[in-house]
Amino acid sequence: MSTTRLLVGPFNRVEGDLEVRLDVADGRVHAAHVNATMYRGFEQMLQGKDPHDALVYVPRICGICSVSQSVAAAYALRDAAGLTPEGMPANGRHALNLMLATENLADHLTHFYLFFMPDFTRPVYADRPWFAEAHARFAPLQGHHARQATAARQRWFTILGTLGGKWPHTQSVLPGGSARAIDLAERLRLLGKVREFRAFLEQTLFAAPLEAIASLDSEAALMAWWQQAAPDHGDLRLFLTIASDLALGDLGRGDGPCLSYGAYVQPDGQPAMRGGVWDAAQGLSLPVELAQITEDATHAWLDGDRPLHPHDGQTLPDADKPAAYTWNKAPRLAGRVAETGAVARQLNDGHPLIRDAVARTGTNVFTRVLARLLELARVVPLMEDWLRAVRPGEPWHQPTPLPDTARATGLTEAARGALGHWLRIEHGRIANYQIVAPTSWNFSPRDADGTPGPLEQALVGVPVQPGETTPVAVQHVVRSFDPCMVCTVH
Amino acid sequence: MNALPSGSLARSPGEPLNVLWLQSGGCGGCSMSLLCADTPDLPGTWRDAGIRLLWHPSLSLETGVDVITLMEDVLADRLRLDVLCIEGALLRGPNGTGRFHMLAGTGLPMIDWVQRLSAKAHLVAAVGSCAAWGGITAGGDNPTEACGLQHEDEHPGGLLGESFRTPGRPGTRAEWPVINIAGCPTHPGWVLDTLMALAADALTPADLDALGRPRFYADQLVHHGCTRNEYYEFKASAEQPSDLGCMMEHMGCKGTQAHADCNTRLWNGEGSCTRGGYACISCTEPGFQAPGHAFHATPKIAGIPIGLPTDMPKAWYVALASLSKSATPKRVKHNATADHVVVPPAIRRTRLK
């Protein structure tokens with residue numbers, strides 16, 4: 001068996017400072033090393049700042065999930081101030097949920113239409129029966145559905161124009177609620193915009209009511225629904241057709257625990273999407289034990305040679321470190337690799353379709369994308385509920401004076417998974433700030449024990465065709481995780 | 001000065017404007033912002049304006065070797081590069097090596113690629129404040145030695161050097177500095193207008209301000225069109241987030257000093273920072289990331305904000321402010337510290353005269 005080595009990059013679409021080193025033998029990936037090729041140093045920049053300044057800095061970690069970063073920081077500051085989610089004015093809580101959901105759903109839409117599906121328009125698939133239709137819909141800058149989705153996305157983000165002033169780098173997200181009160185007429189117009197987006201999803205993506213998609217409760221039900229119409233009737237059906245033809249359910253498998261912190265706080269303080277750690281072997285969602293989270297910098301160009309909890313962690317570059325191959329640390333949960341993302345959220349929240357599909361084939365290219373699309377169907381109705389619950393004239397924001405000393409945590413869900421901020425305040429200034437982003441989990445390098453991260457594991461066994469320099473199957477696997485490299489390389 | 005590109009790959013009238021867009025030490029937010037441009041068909045808008053994207057990280061199919069080949073074609077004069085757009089700061093660290101950002105798949109620092117491609121480009125544009133000045137990426141102690149293409153904060157220089165110039169369309173004898181489409185993120189309209197104007201040969205170096213920003217947006221102030229202007233007039237000030245009043249006195253707002261048209265060319269349909277309930281942090285200005293005070297609070301001396309409107313004598317401002325405060329209508333005063341209108345404008349019993 002001869003092993004050849006491929007260096008693959010740049011991996012574009014979502015901000016793409018990603019390089020993958022593949023050892024290929026017998027037409028399959030034998031081992032993968034994932035390199036996040038950039039370092040920016042936000043955790044260093046935040047040292048010594050006024051804690052509120054985090055709300056200006058952290059959204060700028062990422063122009064893709066900037067609201068998620070803001071929400072994590074706002075929650076950390078709220079935790080430091082000793083204010084509970086229930087203590088926040090209801091309007092403020094709804095506003096934060098709405099802003100986060102707007103961004104997360106936009107990310108799912110963008111991922112599907114602009115980042116993931118275009119790979120099926122590559123010439124390598126020209127002989128497939130679905131190719132012509134996929135090309136007509138998803139070819140970059142040309143496909144008519146890709147263009148319609150871009151337009152739908154632009155309209156969708158006008159919701160954040162109203163609720164948050166602008167996007168990205170919205171700064172109305174605050175520890176005590178939102179800086180932007182909305183009035184009755186605005187509330188109604190926002191509801192109209194959500195309905196407009198619903199119409200795009202129901203006409204173009206699903207070719208079905210959102211509720212019909214959200215209520216699919218098993219793979220058998222999904223397959224029965226697929227067969228009810230032509231194989232390209234709606235983009236979900238076309239995706240199912242392609243996934244079936246290319247066996248995407250066998251590609252990029254993960255069997256590890258799946259982590260979600262839970263998202264969208266309800267009036268009772270509980271998240272609308274429950275968090276947890278999905279244990280595949282037991283088929284159970286267990287509580288997240290935050291004390292068990294560590295980051296290991298063994299193979300990162302960063303100081304540190306033992307796993308540390310984020311409260312104790314440091315992020316200091318060491319560009320000449322031997323054995324390092326990425327700027328990303330290796331987050332671990334009780335020493336184990338964990339996958340995060342929409343599939344983890346749906347598993348932990350207990351959606352029967354995703355639990356059924358994952359029970360059969362693990363997490364994989366198919367189930368990761370399916371979970372994202374399902375989430376579009378599930379969250380839009382929640383947004384309609386939150387907007388109806390808004391009460392113009394009641395408070396939107398509660399002041400949150402901060403103590404001089406605090407240790408605090410802010411947890412939320414970005415589109416691509418669990419996002420955590422760990423903050424320490426001393427003498428009224430930021431003494432330490434550590435960020436563990438979703439892509440840090442999914443694209444993590446090997447740890448001190450040599451255990452590869454989720455993507456590194458998922459790439460093992462992926463086919464490489466003769467002559468391929470940027471293997472298309474590898475691209476499907478990488479993009480199924482929807483990497484957000486700038487979050488990782490904060 | 002670097003060697004100006006050869007004329008062999010000159011763009012003839014009617015040919016599309018070839019744009020290559022690369023990202024370095026930024027957040028990708030300027031690209032994501034661009035996708036929010038106010039049009040029902042963004043690719044159609046570009047095509048109709050004569051803009052051809054050679055490659056954009058979020059929007060192009062090409063990945064890996066195909067991208068590297070495309071850039072090598074530019075370097076070997078096989079492909080014409082009309083505008084090189086750089087998003088994100090240029091990371092010179094550690095110790096000048098550029099290793100904080102290696103272009104994936106190439107084994108080379110991004111700053112090397114940017115320098116070599118800039119020498120081939122007819123125009124170079126910094127998209128966003130990171131590429132223009134270093135921006136937020138140069139925050140704190142600037143751990144990555146981040147800088148802009150031709151500035152480091154307000155200081156000329158940056159990666160390409162103060163004397164760097166490009167020829168624009170060859171034959172016009174124009175000498176262009178880096179075009180700084182600054183903003184954090186930058187507004188999609190600023191980018192689209194700049195590229196469309198370049199494609200139409202309708203922009204000249206004289207249309208840039210002293211910091212290289214297109215004057216069509218940089219000759220405005222964020223203050224213009226601010227919905228809080230009545231509160232500003234009467235110095236009726238917001239005291240906490242979500243209050244309706246003017247945010248200059250207490251909340252750190254720099255809208256009277258920040259060059260941009262955010263309140264007349266709105267964001268995402270109908271927004272702006274001040275309309276969103278938070279202060280302008282002057283993100284189009286060099287060095288905005290290090291104001292020397294907490295962003296959300298206005299630094300004052302003897303109760304007077306230190307950051308007053310730049311074109312107004314301080315003594316006049318103080319005198320006018322105290323006068324207008326004494327004349328503040330009750331409506332404006334009460335609404336300034338509420339999150340919705342608590343005192344509506346009076347309805348007069350007789351017709352307006």
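How many residue pairs are in polar contact between chain A and chain B?

1. The model is predicted. Between chain A and chain B, 28 residue pairs are in polar contact, both residues of each pair being at pLDDT 80 or more. On the side of chain A that touches chain B, the elements giving two or more residues are β2, α1 (42-45), α2 (54-57), α4 (90-116), α6 (144-156), α7 (158-164), α8 (184-205) and α17 (472-480) of chain A. Of these, α6(A) gives the most, with five residues.

2. As to the extent of the interface, 78 residues of chain A are in contact with 76 residues of chain B. The two chains bury about 6000 Å² between them, and 58% of that area is on carbon and sulfur atoms.

3. Four salt bridges are counted between chain A and chain B. Lys193(A) forms a salt bridge with Glu270(B), in which the closest N and O atoms are 3.3 Å apart.

4. Within chain A, Asp23(A) belongs to strand β2 (residues 18-25). Asp23(A) counts as buried because its relative accessibility is 12%, under the 20% limit. Its side chain makes a polar contact of 2.9 Å with the side chain of Arg5(A). Leaving aside neighbours within four places in sequence, the residues in contact with Asp23(A) include Thr3(A), Thr4(A), Arg28(A) and His30(A).

5. In chain B, Leu320(B) lies in helix α9 (residues 314-326). With a relative accessibility of 46%, Leu320(B) counts as partly exposed. Together with Trp316(B) and Leu323(B), Leu320(B) forms a nonpolar surface patch that has about 370 Å² of accessible area.

Technical notes
Residues numbered from 1 in each chain as written. Chains lettered and ligands numbered in written order. Predicted model: local features only at pLDDT ≥ 70, side-chain atom pairs only at ≥ 80, totals over all residues. Heavy atoms only, no water. Helix = DSSP H or I, 4+ residues; strand = E, 2+ residues; numbered from the N terminus. Buried < 20%, exposed > 50% of the residue type's maximum accessible area, 1.4 Å probe, protein only. Polar contact = N/O pair within 3.5 Å; in protein donor to acceptor, adjacent residues only side chain to side chain. Contact = heavy atoms within 4.5 Å. Patch = residues over 30% accessible without salt bridge, like charges linked within 9 Å, V, L, I, M, F, W, Y side chains within 5 Å. Areas by Shrake-Rupley, 256 points an atom, 1.4 Å probe, with all protein chains shown as cover. Salt bridge = Lys/Arg side-chain N within 4 Å of Asp/Glu carboxyl O. Buried area = accessible area lost by both parts, 1.4 Å probe.
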